[in-house]
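My entries follow in the order in which I looked things up.

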There are 2 protein chains.
Amino acid sequence: MSQYWTEIVHQLDPYVPGEQPQDQQYVKLNTNENPYPPSPKVMAAINEYDKGLLKLYPDPDSKKLSAALAQYFDVEVDNIFIGNGSDEVLAHCFQAFLKQSKPLLFPEISYSFYPVYCGLYQINYQTIPLKTDFTIDIDDFSQKNGGIILPNPNAPTSLLLGLEEIEKLCQSTSAVVIIDEAYIDFGGTSAIPLTKKYDNLLVVQTFSKSRSLAGLRLGYAIGHPDLIEGLTRIKNSFNSYPIDSLAQTAALASLNDETYFQQRCAQIIQTRDRLCAKLSDLEFKVCDSSANFVFAEHRTEPAAQLYQALKQAGVLVRYFNKPGIDNFLRITVGTESEIDSLIAKLRDLLP
Amino acid sequence: MSQYWTEIVHQLDPYVPGEQPQDQQYVKLNTNENPYPPSPKVMAAINEYDKGLLKLYPDPDSKKLSAALAQYFDVEVDNIFIGNGSDEVLAHCFQAFLKQSKPLLFPEISYSFYPVYCGLYQINYQTIPLKTDFTIDIDDFSQKNGGIILPNPNAPTSLLLGLEEIEKLCQSTSAVVIIDEAYIDFGGTSAIPLTKKYDNLLVVQTFSKSRSLAGLRLGYAIGHPDLIEGLTRIKNSFNSYPIDSLAQTAALASLNDETYFQQRCAQIIQTRDRLCAKLSDLEFKVCDSSANFVFAEHRTEPAAQLYQALKQAGVLVRYFNKPGIDNFLRITVGTESEIDSLIAKLRDLLP
């Protein structure tokens, strides 16, 4: 509390990210990071980059990276907006499109940063309840709204919506629909091609998960040039140079190694399937995941206790003390051996 | 223009950064970059960093870097806020402290991003005219205000205020005073020690200029823990992980090479003095610079034409087409040989 804060600062209820312990070595399955390093091409690109050039400002428009993303996704450069992680891209989206007289809609169980952005920008919102199995009924979004945002696959439930449902959403509203595809590469189908058909559709993706670059902060949005221009106007009123030169270089290299990308995604999907089977054996109910994490509830043991016991045993998973999901654990799909450690610890802990 | 934009996006008048040409080789004296590369320790730190770790999110609190900055400036860790370039830090400052019922005050000629932030956050502001020689009279800020912000040295004038004047400012208002010290290392004295005396004083600095790290995007604010907490609340409602792992690593290495830092600053000051003398010889009136740039007006030739002619001759300088300064050029202090090129071109161009 301070007399110097603006009214908004007093009201904020900031987002709390998953723990990033800097000291102890954990089996870290709590923040949906990729267990594999980025492509060797990324490492080479950073090593080969002339660090003397860091004296210069980065390209404020990330032109080379935009061009590479445009080619990769078969869209135009003016369909691309790049930000300092998809969290920054989302923040700009909330400010650029979602503060409207009618309420913003998003699922009641969803990325917990959405209500935080609403607090920051004073956006009126309404959450849409999920069904008891956590599935989303698109028809529930058929009410007056000033925008719709949802992650697909949803977080932390890991459940996927099909493209026909995304299309229905786009048709159902005259406002902007934002699909937050942070986890789409682990089994889903991206709605990016639909942005050519629906000028109110914006798709947000990130280099953090499937491309193992959480440490470099790169996200992007793809949609109609008018939407991209809205984001660019916000960005150029906030920070002209959000993406540093090494991040631009590394991201470009990552896009140029499709084989590595596909192999790592396939490996994570395979490990996920094994993890789900093992958890079922241990009497967990596991949601049908299309992400690099699973969302699971034990039939008898409370999640809060399991979270604490696992932490003490050196395994970090994510626990949300929130109504409706407070008996679930969100477990990131690690390497095969990390998953083996988790399962072994659970075997010890469970009755 | 788009039906999907919020009201605020329509109203924005975004900042226009200096040109960052990606194609032609210019003698680039237009964006106040350091002409020297970052410390060899920075380069080594980036090369030695285990790029496999980029799969992990960065430390959201930049704890090691905060601790190093705290030690460097003889303050505590809770006096430090770190952001993605000082532009991001400033943006958060405007949202955290400067939207008040009374108007924000800043100099009429100043960093042109300030009115842009005011547009973004709908902040009521009033500009304070400078004297005809561009000096700031602190007494002119003695009016009802909801905050004061100014760069010291001022940009683009390059003129410095002394610490006794900064103290007067802090005493003159019950609101926050922000001193934007992007250029302080080129001859000024930082107000950071005054933050221990005045809990309404916040000092903002950057790694972009004196530490040759514009390409990595690092800025910070130093002040009372309550002010830092206000910034942190905004940051954690906007983007939890704004500073990537390589930037944290590089900045830390830069702080650990004081000798290099001091040598480069001294070299730039020496070159600046030579540049000023040469410009005077060529019939420019040059402001008394405490920055890594000079602000100069030719006695006969219009600045707009000189800017264009220099650009055609391969030398980029900054020209602001704004009332009061539209006959001035802002020229970054480059290397000795870059300054020689500039002077040679000017000799050719001038009558």
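**Entry: axis.** I looked up which residue of chain A comes closest to the rotation axis, and A:Asn47 does, with its C-alpha at 2.9 Å. I then took the superposition itself, done by least squares on the C-alpha atoms of residues with pLDDT of at least 70 in both copies. Chain A goes onto chain B by a rotation of 180° with a shift of 0.0 Å along the axis, and the RMSD is 0.0 Å. The two copies are thus related as by a two-fold rotation axis.

**Entry: ground rules.** I noted that this is a predicted model, in which local features need pLDDT of at least 70 and side-chain atom pairs count only at pLDDT 80 or more, while totals for chains, interfaces and linings use all residues. Residues are numbered from 1 along each chain as its sequence is written, and chains are lettered from A and ligands numbered from 1 in the order in which they are written.

**Entry: interface.** I counted residues as in contact if their C-beta atoms, placed from the backbone, lie within 7 Å. On that basis 70 residues of chain A are in contact with 70 residues of chain B. Several helices of chain A give two or more residues to this side, among them H1 (7–11), H2 (40–48) and H8 (245–255). Helices here are DSSP runs of H or I with at least four residues, strands are runs of E with at least two, and both are numbered from the N terminus. H4(A) gives the largest share, 6 residues.

**Entry: strands of chain B.** I checked how covered S10(B), residues 293–298, is: 5 of its 6 residues are buried, meaning that 20 or more other C-beta atoms lie within 10 Å of their own, with C-beta atoms placed from the backbone. S9(B), residues 284–286, runs antiparallel to S10(B) and is joined to it by 3 bridges. The hairpin between S9(B) and S10(B) passes through 6 residues. B:Lys285 is opposite B:Glu297. S10(B) also pairs antiparallel with S12(B), residues 329–332, over 4 bridges, and there B:Ala296 faces B:Leu329. Pairing requires at least two bridges found by DSSP.

**Entry: sheet of chain A.** I found an open sheet of 4 strands in the order S9-S10-S13-S12, paired antiparallel. Its edge strands are S9(A), 284–286, and S12(A), 318–319, each pairing on one side only. S12(A) meets S13(A), residues 329–332, over 2 antiparallel bridges, with A:Tyr319 opposite A:Leu329.

Key:
Contact = placed C-beta atoms within 7 Å. Buried ≥ 20, exposed ≤ 12 C-beta atoms within 10 Å, placed from the backbone.
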